Amino acid sequence: MSMQNLLKPYTKNIELKNIELKNIELKNRVAMAPMTRSRATNKEKAATDELQGLYYEQRASAGLLITEGSQVSKKAVGYINTPGIYSDEQVEGWKKVTKRVHDKGGKIFIQLWHVGRISHPDFHNGELPLAPSAINPNEKSYTEEGFKDTVTPKAMTLSEIKETIQDFKNAAKNAVKAGFDGVEIHSSNGYLFHQFFTATSNTRTDEYGGSIENRARFFFEVLDEMKQVIPQEKIGVRFNPSLNGLFGITMDEETIPTFEYIIKKLNDYNLAYVHLSEPFTDVSNIPFAVTEIAKHFRPLYNGTLMINSGFNKESGNKVIEDGFADLVAYGKPFISNPDLVERFRDNVELAEWDDSTFYVPGEKGYTDYPKATN
Ligand SMILES: Cc1cc2nc3c(=O)[nH]c(=O)nc-3n(C[C@H](O)[C@H](O)[C@H](O)COP(=O)(O)O)c2cc1C
């Protein structure tokens with residue numbers, strides 16, 4: 001019997017401007033999707049050896065681990081107990097995590113996060129969260145005092161945009177110091193970059209709004225600055241093109257053309273991968289949404305394409321077989337199956353996840369899911 005697609009090693013070389021460049025090399029095609037777990041309960045908002053170190057080590061047989069979203073600055077935060085990657089203490093914490101993963105032969109990228117308007121003044125000493133435009137997403141923000149309504153954010157000034165670009169650059173520098181194999185820009189799921197991309201959340205009239213090119217500008221400026229401190233082949237990016245009605249995002253007829261423009265333009269780079277999510281909700285009745293993301297975007301991108309959302313072993317093997325993706329990222333299955341790769345290999349049934357412990361402090365529902373394989 002031949003080896004299933006998900007378990008095959010993956011290597012990629014990219015040809016850019018007629019030069020063949022070495023790109024990514026992974027021991028299998030199973031990635032762990034980035035997942036916020038809200039266990040950074042210490043004052044420094046730092047990962048620790050005992051909690052995050054053990055959690056990621058337990059899952060190190062994945063071809064690639066992508067950490068939970070980690071804020072690039074104090075202003076980037078929007079949830080309680082999420083870890084950061086802007087202070088020395090945070091770098092020290094993450095060093096312990098990367099060491100444990102590397103000792104097990106794993107690879108790990110950190111997801112760099114700015115929530116933009118999906119936040120609350122409670123996180124910012126009463127000041128307004130930042131966003132492309134002063135438009136309330138009308139969402140809930142989970143604060144120390146429980147869920148609160150989001151507010152109308154502050155439209156970022158040009159100098160705030162510049163500062164934020166530097167925050168991402170600094171976070172990438174810190175990620176290298178902490179020993180990460182790479183970074184993933186969280187340009188997905190309704191957070192700051194997605195707010196810039198989307199016409200309903202970005203009504204700016206300067207060079208960061210209006211046209212598709214302008215709405216994508218902030219993202220490319222971040223990417224161009226970041227690649228000065230970390231090689232491009234260690235940068236991944238994430239998009240959720242058909243996100244609609246969640247995290248304050250409303251699609252319009254320009255949404256898909258915006259993502260097509262961005263993804264095509266990424267062919268000029270030598271990135272580790274482009275990570276896409278299939279729609280989080282049924283979008284079949286929205287005329288301008290794409291219902292099959294991998295199938296739609298694969299022909300537009302020459303590099304490594306990672307696909308996510310709702311995959312199991314069979315559909316993961318199939319999406320690779322069909323040629324629509326190179327890598328498959330699993331989220332919830334990795335929460336309850338630390339040995340997901342081995343379970344795929346040995347045909348072992350998957351354990352169910354308990355969503356009541358997704359975001360609670362401590363080891364319960366985090367590091368206490370047993371392995372069923374060796
Ligand atoms: C508990 C939880 C936390 C998540 N946190 C993040 C996050 O920090 N960053 C991100 O890009 N996506 C996040 N997601 C989305 C997942 O990466 C993934 O897209 C989603 O779970 C669908 O994949 P799945 O069906 O394999 O679980 C989160 C999902 C869950 C369940």
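Trainee: Let's begin with Leu21: which strand does Leu21 lie in?

Mentor: Helices here are DSSP runs of H or I with at least four residues, strands are E runs of at least two, and both are numbered from the N terminus. On that basis, the strand holding Leu21 covers residues 19-26, and that is β2.

Trainee: Before we go on, what kind of model is this?

Mentor: Residues are numbered from 1 along each chain as its sequence is written, and side-chain values use heavy atoms, with hydrogens and water left out. Local features need pLDDT of at least 70 and side-chain atom pairs count only at pLDDT 80 or more, while totals for chains, interfaces and linings use all residues, since the model is predicted.

Trainee: Is Leu21 buried, exposed or partly exposed, and at what relative accessible area?

Mentor: Buried means under 20% relative accessible area, exposed means over 50%, and partly exposed is in between (1.4 Å probe, protein chains only). Leu21 therefore counts as partly exposed, its value being 28%.

Trainee: How far apart in space are Leu21 and Glu89?

Mentor: Along the sequence, 68 residues separate Leu21 and Glu89. From C-alpha to C-alpha, the distance between Leu21 and Glu89 is 35 Å.

Trainee: And Glu225, where does that one sit, and what is its relative accessible area?

Mentor: Glu225 belongs to helix α5, residues 212-226. Glu225 is partly exposed because its relative accessible area is 21%.

Trainee: Over to Met251: is Met251 buried or exposed, and at what relative accessible area?

Mentor: Met251 is found in the loop between β11 (235-239) and α6 (255-265). Its C-alpha atom is 34 Å from that of Lys45, 206 residues away along the chain. As for cover, Met251 is buried, at 4%.

Trainee: Which loop holds Asn125, and what is its relative accessibility?

Mentor: Asn125 has a positive phi of about 50° although it is not a glycine. Asn125 is in the loop between β5 (108-113) and β6 (130-131). Asn125 counts as exposed because its relative accessibility is 81%.

Trainee: What about Asn347: where is it, and what is its phi?

Mentor: Asn347 is placed in the segment after α10 (340-346). With a relative accessibility of 62%, Asn347 counts as exposed. This residue is not a glycine, yet its phi is positive, near 60°.

Trainee: Now the ligand: which residues come nearest to it?

Mentor: A residue is near a molecule if one of its heavy atoms lies within 4 Å of it. By class, the shell has eight nonpolar, nine polar and two charged residues. Of the 19 residues around the ligand, the nearest are Pro34, Thr36, Arg238, Asn308 and Gly310.

Trainee: Which distances separate ligand oxygen atoms from polar atoms of Thr36, Gly310 and Lys332?

Mentor: For Thr36, a polar side-chain atom lies 2.6 Å from a ligand oxygen atom. A polar backbone atom of Gly310 is 2.7 Å from an oxygen atom of the ligand. For Lys332, the polar backbone atom is from a ligand oxygen atom by 2.8 Å.

Key:
Polar contact = N/O pair within 3.5 Å; in protein donor to acceptor, adjacent residues only side chain to side chain. Nonpolar A, V, L, I, M, F, W, Y, C, P; charged D, E, K, R; others polar.
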